[in-house]
Every structure is written in C-alpha cells, then in structure tokens.
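Trainee: I would like to work through this model with you, one question at a time, before I rely on any part of it.

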Amino acid sequence: MVASIVLSGVAIGCIYALIAITYNVMFSASRVFSFTAGTLGMLGGVLGSLFIARMGMPVAVGFLLALAGGAVFGIVTEIVAVRPVLKSLDQHLYVLSTLALALMIQQFTAIEWSTEPQPFPRLLDIAHVEFDQQFWLPMLACAAVIVGLELLYRHSLIGHAFLAIAEDNYAARALGLPERRLRMMSYALAGAIGALAGFAGGEMLLAFFANAPMLTFYGFVPVALGGMGNNRGAVVAGLLLGLFQQTANFLVGGIFASVAVFTVFIIVLLARPEGIASPALRRRV
Amino acid sequence: MMDTQATPLRPSRANVRGSVSTLGAALPFLALLVVGVSLPLFAGGYWGVIATRACVYWVLVSGLNLVVGFAGQIAIGWVALLTLGAYTTSVLVAGNVMPALPPYLALAIAAVVGAIFGLVIGLPALRLRTFYFAITTLGFATIVTQVALAWQSVTGGGVGVAGPVFPEPFASQWGFYYFCFGLAAICTWMTANIAASRFGRALTAIRDAEVAAEACGISKPVLLGAVFLFSGAVAAVAGGLFASLQSYITPDAFTLDLSVLFFIAILIGGRSSIFGPLLGTILLTVLPEFAAPLVAWSTFLYAVLLLVIVLAIPGGIAEILDFKNRRPLESDRAIVPRPELIVRLLDAAPNGGALTLQQVALSFGGVRAIDGLDLEIRPGQVHGLIGPNGSGKTTTLNVISGYYAPQRGAVRLNGAAMHVLAHHRRAHMRIARTFQTPRIVGSASVLQNVMIGGTIDGEGTFVESLLSLPRHRRDEAMLRDTAMLALAAVGLEQLAPVRADRLQHSELRFTEIARALMLRPKFLLLDEPAAGLSVEEISRLSALLLAIARAGTGVLLVEHHPDLIFDICHHITVLNLGKTLAAGTPAEIRSHREVINAYLGG
C-alpha cells in the first residue's frame with residue numbers, strides 16, 4: 001500500500017513539477033506567469049490521444065506531433081497574449097490576457113474534443129506490472145527535462161542567452177541579444193515541456209479538457225513554494241506536493257485531499273509569500 | 001496670466017458644478033430604473049426570467065466590482081461565494097440539518113456566512129502578488145464545488161437540493177423579479193455611494209499608487225477587509241436568489257464559466273465605474289439569448305471578448321462613454337499658485353517640536369546608503385538636503401517616512417522616537433510627502449486625487465458611506481472644499497475635473513503637493529519637486545514652499561537645483577556617500593570648500 005502511494009505520488013509529482021518548469025521557463029523569458037501552463041499539459045494529453053488513438057498514428061509520430069503542437073501553442077501565447085501587454089507589465093494585464101487565451105483553448109477543446117475524459121493509449125506494448133509505465137514515464141520525462149535544461153543553460157550559447165534575458169532584460173538587449181526571438185523560443189520550449197507533461201502523464205490523467213485548470217493550479221503550487229524561476233525548488237516542491245496529495249487521498253479521500261492541499265498551500269504562502277527556497281527581498285520606493 | 005490675486009475663491013461654485021454633474025451621471029441609472037420597473041408591461045415571461053437572472057448576477061457583480069474594478073484585485077473565483085450562498089440558503093430553508101428557517105432569515109444568515117468567507121478568500125490579497133491571488137481564488141472555487149459534491153448529507157451531493165421559495169408577494173415570477181430588481185437597485189445605490197466616497201478613492205489609490213496611498217495614511221488591510229466583507233455578503237445573497245431562481249441546485253450549476261462571466265462583465269464595463277460593469281452584466285446575460293446556436297460557445301466568446309478588451313480598450317465601456325475627457329485641454333495653460341491661500345489651508349499649525357535624525361545608518365548589502373546622519377527639521381523652516389546622485393537623499397526621506405528601518409540611530413518627533421516601519425502611521429503624525437516620480441491615480445480626476453490626501457480626516461465609517469448617511473455627506477463636502485482650496489493654492493483649480501493622466505509632468509508635481517497639503521502637515525517631505533519644471537515654474541514653487549513654511553510647517557527639500565535650494569532654505573545639509581559633508585546656512589554652504597569641490601563645482 002505504501003509502495004503504491006509513493007509510486008503514484010512521485011509520478012503525479014513529476015507531472016506537477018513539469019508544469020511548474022513550464023511556468024518558470026515562460027517567467028524567465030518575460031516576467032510573466034501565464035495561465036496557459038496547465039492548458040499546455042491538457043493539450044499534451046488530448047493531442048496524444050487524438051493522434052495515436054483516434055487517428056492511428058505510430059506512437060513516435062504522435063509524440064513528436066503533440067510536442068510540436070505544444071510548441072506552436074507556446075508561440076501563439078507569446079504573440080497573442082504576452083507581447084502586446086509586456087509594455088504595461090506593472091498593470092498585470094498579462095494575468096487577464098493569458099487567462100483569456102487559456103479559457104478559449106479549454107472551451108474549444110471541451111466542445112470540439114469532448115466534455116468527458118477520453119482514454120489515453122498505452123504507449124509501450126508491455127504488460128501491466130507493479131512499476132508500470134504510467135508511473136515511470138512521467139518520472140522519465142521529468143528527469144529528461146531537468147537534465148536537458150541543465151545542459152542547455154550551462155553548455156550552450158543559446159542557453160546562456162536565455163539566462164541573460166532572465167537575469168536582466170535591458171542589459172541583454174543592450175548587448176544586442178535578439179530579445180524577441182529568444183522570448184519566442186522560450187515560449188516554444190515551455191510549450192513543448194508542458195505538452196510533454198500531459199503526454200507522459202496521459203494514462204494517469206486521461207485526455208480531458210478540465211485537466212487544464214487542475215494543472216494550472218497544481219502546477220503553480222510548486223512554483224510558489226519553490227520560488228519563482230527556481231527549477232530545482234519546483235521539482236522538490238512538486239514531488240512533495242504529489243506525495244502529500246496521494247497520502248491525503250488515501251487517508252481522508254479524494255475530495256478532502258484537495259481541500260488539504262489547498263489549505264496547506266495557502267498557509268505556506270501566507271507565511272512565506274516569496275516561496276520556501278528564495279530569500280525575501282523587496283524594494284518598493 | 002490674469003490678475004489672479006483679485007479672483008475670489010468660491011468653493012461653492014465647485015459644489016454647484018459637482019451636483020449638476022452628479023445629476024448627469026445619475027441619468028443612465030434612472031433610465032435603467034424606469035425600464036426595469038416597467039418591464040412586465042412590454043416583455044413576456046421568458047424575458048422576465050432573463051431579467052431576473054441579470055438582476056441576480058448584478059447583485060454579486062456590484063460587490064465584486066469594488067474588489068476587481070476599484071481595488072484592482074484579480075479575484076477570478078468569486079463563483080465560490082455564489083455557491084456558498086446558494087447552498088446555505090437552500091439547506092437552511094429545506095431543513096436538512098436543523099429545523100427549517102423562513103427564507104428571509106436564511107438569506108440573512110447566508111449573507112453573514114458569505115461576508116466571513118469573502119474575508120477569508122480575500123485576505124491572501126494582502127500578502128500575495130496579483131497572479132498568486134488570482135490562482136488562490138481559482139483554487140477556492142474548485143474546492144467549494146468539490147465540497148458541495150462530497151458533503152452529501154447536507155448538500156445532497158450530485159443529486160442536489162431544492163432552492164428556497166420566497167413567500168408572497170414574491171412567489172410569482174414577476175413578484176420574484178421585483179424582489180431581485182429591488183435588491184439590485186439597492187446594491188447599485190450602495191456601491192455608487194462607496195465609489196463616490198473617500199473609501200472608493202482610497203481603493204483606486206491602493207490599485208494605482210499603493211505607496212502614495214500608504215503615505216496618505218490609508219490602511220490597506222482595514223479597507224480591503226471591509227470591501228471583502230461587503231462583497232462576500234452580497235455575493236452570498238445573490239447565491240440565495242440564484243438558488244430560488246433555479247428552483248433546484250446541483251454542484252454542476254456553479255461552473256467556472258459563471259465566475260468568468262462575472263469577472264469579464266466588470267472588465268468590459270471598465271475600472272472605477274459602476275455603470276460600465278452594470279451594462280456589461282446586462283449585455284453578457286442577454287447576449288446568448290439572441291444567438292441560440294452560440295450558447296455552447298458563450299464562454300469561448302466571453303474569453304475572446306476579454307482578450308479584445310485587454311488588448312484594445314483596457315478602459316472598457318466606461319472609457320468609451322467618457323465624452324467629457326475627450327475635449328481638448330487648453331494647450332498654453334500655466335500653473336499660477338496662490339501662496340496667500342496657504343494660511344487658510346494650514347490654519348492652526350501648532351509650534352510643535354522638531355523632527356530629528358540622530359546618527360542614523362542604513363546599508364543595503366555592502367552599500368552604506370546612509371552612514372551616521374544627523375538632521376533636524378524645525379517647524380516653520382525649509383531644510384535643504386542636497387548631494388550628488390547616490391549620496392542617500394531619497395533613502396533619508398524613506399527612513400523618515402518609515403519605508404526603511406534604520407539599522408542604527410533614531411528618528412524622533414518632538415523628542416519621542418517614531419515607530420520604525422509603520423509608514424501608514426506617518427500621515428497620522430501629520431508628516432506628508434511627495435515622490436520623485438509623481439504617484440497619481442491616472443484614471444481619477446485631479447480633484448479626486450487631491451481628496452485622497454485627506455482620507456484620514458473623514459469621520460464617517462464604511463457603513464455610513466454605504467448608506468450615504470449625514471456624516472458621510474459632511475465628510476465629502478469638507479474634503480471637496482479643502483481639496484479645491486489646496487488646488488487653488490497650488491494653482492491647478494481650473495484642472496480639477498480633468499483626468500489626472502492627461503496632465504503635464506509639472507502639473508502632476510503640483511498635484512502631489514496639493515495632495516500632501518490635504519494632511520495639513522506639520523512636516524512636508526519633498527523629493528525633487530523642481531525636477532522637470534521650467535524656470536518660471538521653479539520660482540513659483542519657491543514662493544509656494546516659503547508660504548508653506550511661514551504657516552508653521554517644517555519642509556524637507558531634497559533637490560538638485562542649487563537656485564531653489566539657496567533661495568529658500570533656512571538650513572542646508574550636504575550629503576556625500578551617506579555622510580554629512582557640511583551643514584549650515586546657505587551662505588556658509590556656498591563658501592564651503594569641500595562642498596564646492598565635491599558637488600557645486602568651482
């Protein structure tokens with residue numbers, strides 16, 4: 001029993017962590033938290049089910065197309081909902097524009113795809129075992145993304161450019177970095193990561209439009225607790241969240257588990273609004 | 001430049017103009033009232049249901065409007081309170097858990113429950129940034145629906161519970177319509193009262209110029225707390241009405257789509273407006289009825305609408321309807337202060353003690369911003385604080401206003417140490433300030449901006465303003481008259497009704513001074529008031545500041561303009577690298593060799 005709680009907790013925690021990383025990648029490029037992060041996760045599941053189960057494509061092709069779909073939606077987010085409001089960042093218009101876009105996609109999916117959860121295909125043709133692919137696929141995806149991002153940020157020129165933009169936008173632009181193109185690339189990357197989260201977790205979460213607001217909320221919890229822009233904090237907090245949720249699920253039942261998660265989230269946030277991992281630093285005047 | 005000295009000041013004129021424009025502003029509401037009351041004469045039963053729904057929605061949106069439109073808090077999940085109110089009322093009337101209660105009593109209890117939960121949902125807004133708060137309200141909305149689904153013994157779970165039926169004369173369809181319409185009208189009236197009160201202005205100040213709001217003594221927790229209580233109460237009442245209208249409720253009835261509708265109605269309507277969101281609510285309720293095939297797509301369309309509004313017309317309907325502020329302003333207008341009016345404004349400035357800094361030190365990381373600074377600002381004198389960029393002038397000002405706690409040393413007023421970091425208490429000690437970049441509520445009129453400065457001098461409570469009781473009206477008249485006087489004193493009387501974001505930079509600086517004067521300050525801290533002013537404007541500013549000092553106020557002037565400093569200061573402190581380089585009278589400073597080397601240039 002304990003094993004299965006740990007297994008599902010870590011697996012779902014990895015999905016939350018991936019959505020949190022999606023938030024972070026977009027945030028680093030633009031100082032914008034986007035409501036579309038969870039929508040990307042939902043799209044990963046829906047697109048995977050659409051391409052593989054409904055249209056009968058090979059798994060690899062469906063996988064790549066789902067990631068590409070996420071990347072495209074990431075770029076659309078940047079063009080439609082982020083770029084136009086960046087000038088007035090202090091007015092928080094981005095909260096509304098990204099919310100609008102997220103709602104549009106979510107509603108569109110509900111009407112054109114289904115309002116009911118649809119099955120997600122089994123990706124690998126191997127029998128159910130205790131340590132099943134539905135658990136280790138999200139873990140694998142999460143590990144791959146963390147390693148990939150570390151390599152990208154540390155060992156590639158474009159990764160350095162991403163970091164420069166995140167650290168100081170103006171200085172980076174003054175150095176001649178193509179800020180707009182880098183931002184679009186970041187959003188494409190975030191889109192692919194979000195879609196990967198939904199795709200890898202497809203068997204657990206199913207292809208369901210309402211996963212969007214669910215992931216938007218649960219994916220943000222690790223961001224808030226781990227400190228914004230802090231990917232390692234996000235992974236740790238994501239795993240803790242997954243374990244806590246599954247444990248609460250087992251102890252008090254599904255619905256009150258989400259009440260428990262919400263309560264803990266609020267209490268921790270109120271106690272430390274800047275996240276557990278980040279130092280408090282604020283200058284207002 | 002007319003002979004301004006001879007123009008008598010007539011605040012009464014402003015009052016007359018004010019009441020005329022109030023009547024003009026009330027006209028659209030009266031038109032809606034007439035249409036609403038006479039609706040049964042020309043509309044069929046089906047439209048009666050739609051109209052009732054619009055009224056119910058507006059009861060909620062009117063309260064939410066104060067949270068979103070005025071205070072600028074992005075509260076997305078307000079449907080949670082509708083759900084709460086609907087279930088509380090229904091369950092109490094149905095008698096699931098205790099003996100059945102009459103519907104009105106149940107509705108009142110729901111209002112109390114709603115107020116409490118409004119506060120609970122709202123309080124995180126005090127600590128959390130925008131997006132965080134938006135997410136928590138969203139999370140709360142999900143949770144409440146889930147609890148409704150799970151708590152079967154009380155809520156009936158997925159099966160649901162019957163909504164309350166209100167007794168005659170409100171049992172019939174049109175009777176219930178009139179009940180809802182009446183409540184909607186009362187909510188409109190109450191929120192319009194708040195909007196036009198010092199509380200409404202303070203909310204917009206928190207939204208657009210939070211630091212300035214604190215400097216004016218506005219307490220964000222108290223104010224937002226009151227607004228969340230009110231907003232939660234009316235939302236829960238709307239829930240009770242909603243349950244009765246639906247006649248049977250299940251958790252499915254309270255989707256996030258509803259929340260989105262409420263939220264978007266406000267943004268379509270426009271911020272800081274009552275009529276705009278009211279129109280928005282009616283539009284969004286009625287629109288799907290005209291395009292039946294689109295009903296399934298309605299939330300999608302709302303979202304599209306939201307995107308369009310945010311990107312194209314952030315001001316919403318209210319801005320489109322704001323014809324008054326599209327008339328061009330006079331282009332060659334001049335600011336002509338009337339320093340002689342200062343005496344009337346700062347009537348009884350007492351000769352209290354000085355404001356002193358003793359050995360104050362503060363560093364940020366490794367940088368010593370100020371390092372053992374002594375300063376004494378005496379009543380009735382202008383004290384100049386000059387020095388190169390980065391010498392600690394603004395930091396000193398921020399220490400005095402309580403934004404930074406000094407690591408060493410003390411700030412004393414009248415000999416008593418001031419509490420550090422209690423910046424909103426500074427206004428109560430009659431210490432006012434301006435900012436290096438003017439912090440103004442752009443969408444409010446110049447007059448309203450100046451009235452914000454006097455917020456703490458109102459005596460009426462939030463409830464009194466809600467109901468427009470005498471004390472509220474007396475406060476408003478007093479604040480309006482004082483603000484007109486302050487505007488006349490700084491020379492901006494003519495611009496009083498103009499939207500502040502249409503002003504020139506120099507006019508904003510004088511607006512800030514007028515706002516600071518509203519406090520009748522004992523000490524006035526000015527952060528580079530002459531920056532960006534023309535030579536002529538600077539000389540008028542000098543005269544104004546001297547008049548303020550003559551009236552007994554101690555003025556601390558942080559400046560770069562040597563002319564201004566040497567002309568009007570009684571005493572000057574020169575800072576360099578956070579330390580006092582020199583202190584003395586203007587004549588002493590002018591001949592101080594180190595000052596000349598370091599700063600003035602020889």
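**Reading chain B**

Mentor: Let us begin with one pair in the sheet, where B:Gln358 stands opposite B:Ala410 in E6(B). Keep in mind throughout that this is a predicted model.

Trainee: Which residue of E4(B) is the bridge partner of B:Leu355?
Mentor: Strand E3 of chain B covers residues 355–364 and is joined to E4(B) by eight bridges, the two strands running antiparallel. In E4(B), the bridge partner of B:Leu355 is B:Ile377.

Trainee: Which residue in the turn between E6(B) and E7(B) has a positive phi?
Mentor: E6(B) and E7(B) run antiparallel and are joined by two bridges, and B:Arg412 stands opposite B:Ala417 in E7(B). The two strands form a hairpin with two residues between them, and the residue in the turn with a positive phi, of about 60 degrees, is B:Asn414.

Trainee: Which strands stand at the edges of the sheet, and why is one side of each left without a neighbour?
Mentor: The sheet is open and has four strands in the order E4-E3-E6-E7 (chain B), with antiparallel pairing. Because each edge strand has a single partner strand, one side of each is left without a neighbour in the sheet, and these strands are E4 (367–377) and E7 (416–417) of chain B.

Trainee: At about what angle to E4(B) does helix H17 of chain B run?
Mentor: Helix H17, residues 393–400 of chain B, lies across E3, E4 and strand E6 (408–413) of that chain. Its angle to E4(B) is about 65 degrees.

Trainee: Is the crossing of H9(B) and H11(B) left-handed or right-handed?
Mentor: The axes of helix H9 (residues 198–208) and helix H11 (residues 220–246) of chain B come within 11 Å and cross at roughly 115 degrees. On the H9(B) side, B:Phe199, B:Ala202, B:Leu203 and B:Ile206 meet B:Lys220, B:Leu223 and B:Val227 in H11(B), and the residues of this contact divide into six nonpolar, no polar and one charged. The crossing is left-handed.

Trainee: Which element gives the most to the side of domain 1 of chain B that touches domain 2 of chain B?
Mentor: Chain B is divided into domain 1 (26–256) and domain 2 (445–520), and their centres, taken over C-alpha atoms, are separated by 31 Å. The contact takes 13 residues from domain 1 and 15 residues from domain 2 of chain B. On the domain 1 side, helix H8 (173–195) and H9 of chain B are the elements that give two or more residues, and the one that gives the most, with five residues, is H9(B).

Trainee: Which helix gives the most to the side of chain B that touches chain A?
Mentor: In this interface 35 residues of chain B are in contact with 30 residues of chain A, and the chain B side divides into 27 nonpolar, seven polar and one charged. Helix H6 (130–150), helix H12 (256–269) and helix H14 (298–312) of chain B each supply at least two residues. The helix that gives the most, with 14 residues, is H6(B).

Trainee: Over which residues of chain B does pLDDT stay under 50?
Mentor: The model scores ipTM 0.88 and pTM 0.89, and chain B averages a pLDDT of 87, with 94% of the residues scoring at least 70. Where pLDDT is low, the predicted coordinates should not be read in detail. In chain B, pLDDT stays under 50 over residues 1–18.

Definitions and conventions: Residues numbered from 1 in each chain as written. Chains lettered and ligands numbered in written order. Predicted model: local features only at pLDDT ≥ 70, side-chain atom pairs only at ≥ 80, totals over all residues. Pairing = 2+ DSSP bridges. Contact = placed C-beta atoms within 7 Å. Axes fitted to C-alpha atoms, helices over the stretch in contact; angles between N-to-C directions. Left-handed = near helix turned anticlockwise from the far one by under 90°. Nonpolar A, V, L, I, M, F, W, Y, C, P; charged D, E, K, R; others polar. Domains from an automatic or database assignment. pLDDT = per-residue confidence, 0-100.
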